[in-house]
Amino acid sequence: MKMTKWLAAACMVAAVSGCATQGQMDANPDDPWEGYNRKVFAFNDTLDRYALKPVAQGYDYVTPEPVQSGVGNFFSNLGEIGTTINSVLQWKWANAGVASGRFVVNSILGIGGILDPATRMGLVEREEDFGQTLATWGVAEGPYVVLPVLGGRTLRHTSGLPVDWYTDPVTYVEEDSVRYGLRFVDLIDTRAGLLDREELISGDRYSFIRDAYLQNRRFEVNDGETGKDPFASGDFGDDFEYDEDAFAD
C-alpha cells in the first residue's frame with residue numbers, strides 16, 4: 001500500500017553518508033520548516049539504522065526472489081481499490097476501469113494477487129491516492145513536512161493520509177495480530193526492495209531525499225506530464241525577437 005511504502009522510503013535515510021553541511025545549503029522555498037524537519041529526519045534515520053534496515057536485510061537474505069515478488073504483488077493488488085476510488089473522484093474513468101479490472105483479474109487468476117497476470121495482459125494503470133485527488137480539486141501543495149516514522153511529504157499529501165488509510169482493505173481486518181502482521185510484512189518487503197537503491201543518494205541526505213520526493217510527487221500529480229518546452233514547440237510568444245549578433249563569436 002502506498003502509505004506503507006512511503007514509510008519505508010522515509011526511513012531509508014540511514015544508508016548513505018553525506019558530504020555537504022547544513023550551513024552550506026541554500027534555503028528552499030518549498031521547505032520553510034527545514035529546521036524542524038531535519039530533527040524529525042534524524043529521528044527517522046536512527047529508527048531505520050537500528051530497527052528497520054537490519055530486519056529488511058535479513059528478510060532479503062532468507063526470502064527467495066519469487067516469494068518477495070509475490071508479497072509485493074499481493075499488497076499492490078490491494079492498492080488497486082484505492083486507485084479505483086481516487087480515479088473516480090478525479091473523473092479518470094479509464095484509469096478507474098483499468099485499476100478495477102486489474103484487481104479482479106489478479107485476485108482471481110493471480111491467486112489472490114500473488115501473481116500479476118493483469119500486467120502481462122496489458123492492463124497498466126497509474127496509481128492514485130487522495131493527495132492527488134486533492135490536487136485535482138485545486139488544493140494547494142503546501143510546504144514540505146517530515147513526519148515522525150512516516151517521513152517526508154507535502155502538506156497536501158499529508159492531508160490525504162486518513163482517506164488513504166480507510167480505503168486500504170487491511171484497515172478492516174478485525175484480528176489485530178493479523179492486521180499488524182500484514183502491515184509489518186508490507187513494510188519490510190518494501191524496505192528490502194530499496195536496499196540496492198541507497199547508493200544513488202549523494203551529497204546532503206536530507207536535501208537529496210526531499211528534492212527527489214518533491215520531483216517525483218509533482219510528476220505523479222501531473223500524471224507524468226511536464227511543462228511544454230517552448231524551444232521544442234516553437235511557441236515563443238508574439239514578442240520574441242531573435243538577434244543573430246547575440247550568438248556571434
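A salt bridge is a side-chain nitrogen of Lys or Arg within 4 Å of a carboxyl oxygen of Asp or Glu. I wrote that down before anything else, as several entries below rest on it.

**Entry 1: charged network**

I am working with a predicted model. I looked up which residues form a network of salt bridges, and found Asp31, Glu34, Arg38, Asp204, Arg210 and Asp211 linked in this way. I then looked up the total for the structure, which is 21 salt bridges.

**Entry 2: overall layout**

I counted the elements next: the protein has 11 helices and two strands. Reading from the N terminus, I get the order α-α-α-α-α-α-β-β-α-α-α-α-α. The chain has 249 residues, and 42% of them count as buried. For the accessible surface I noted about 14,000 Å², with 60% of that belonging to carbon and sulfur atoms. I also looked at how far apart in sequence the contacting residues are. Taking contacts with a separation of 6 or more, I found that 72% are between residues 24 or more positions apart.

**Entry 3: the largest nonpolar core**

Which residues make up the largest nonpolar core? I listed 11: Leu52, Ala56, Tyr59, Val71, Phe75, Leu78, Val170, Leu187, Ile188, Ala192 and Leu195. At least two residues of this core come from each of helix 2 (34–62), helix 3 (65–89) and helix 9 (176–193).

I picked Ala192 from the list and looked up its contacts. Leaving out residues up to four places away in sequence, Ala192 touches Ala56, Tyr59 and Asp60. There is also a second, separate core, made of nine residues, including Val40, Tyr206, Ile209 and Tyr213.

I made one more check in this part of the chain, on Gln57, which lies in helix 2. Gln57 has 39% relative accessibility and counts as partly exposed.

I looked up the salt bridge between the side chains of Glu128 and Lys92, which has an N to O distance of 3.2 Å. This pair links distant parts of the chain, 36 residues apart. Glu128 is in the loop between helix 5 (117–120) and helix 6, while Lys92 is in the loop between helix 3 and helix 4 (93–108). Is Glu128 buried or exposed? Glu128 is buried, because its relative accessible area is 4% and the cut-off for buried is under 20%.

What does Asp223 touch, not counting residues up to four places away in sequence? I found Lys92, Arg126 and Glu128. Asp223 sits in the loop between helix 10 and helix 11 (230–233). At 24% relative accessibility, Asp223 counts as partly exposed. I noted 9.4 Å between the C-alpha atoms of Asp223 and Glu128, which are 95 residues apart along the chain.

The side chains of Arg191 and Glu198 meet in a salt bridge at 2.7 Å, N to O. I checked both ends for burial. Arg191 has a relative accessible area of 0% and is buried. Glu198, at 6%, counts as buried as well.

The side chains of Arg217 and Glu220 also meet in a salt bridge, at 3.3 Å, N to O. Both residues are in helix 10 (residues 205–221), and because they are three residues apart there, about one helical turn separates them. Here I found Arg217 buried at 3% relative accessibility, whereas Glu220 counts as partly exposed at 22%.

Ile85, Leu89, Trp137 and Val139 make a nonpolar surface patch of about 330 Å². I followed up Trp137, which is found in the loop between helix 6 (130–136) and strand 1 (144–147). Trp137 is partly exposed, with a relative accessible area of 47%.

Conventions: Residues are numbered from 1 along each chain as its sequence is written. This is a predicted model: local features need pLDDT of at least 70, side-chain atom pairs count only at pLDDT 80 or more; totals for chains, interfaces and linings use all residues. Side-chain values use heavy atoms; hydrogens and water are left out. Patches are made of residues with over 30% relative accessible area and no salt bridge: like charges are joined within 9 Å, nonpolar side chains (Val, Leu, Ile, Met, Phe, Trp, Tyr) within 5 Å. Accessible areas come from the Shrake-Rupley method with a 1.4 Å probe; for residues, only the protein chains shown count as cover. Helices (H or I, at least four residues) and strands (E, at least two) are DSSP runs, numbered from the N terminus. Buried means under 20% relative accessible area, exposed over 50%, partly exposed in between (1.4 Å probe, protein chains only). A nonpolar core is a set of buried Ala, Val, Leu, Ile, Met, Phe, Trp, Tyr and Cys residues joined through side-chain atoms within 4.5 Å. Contact means heavy atoms within 4.5 Å.
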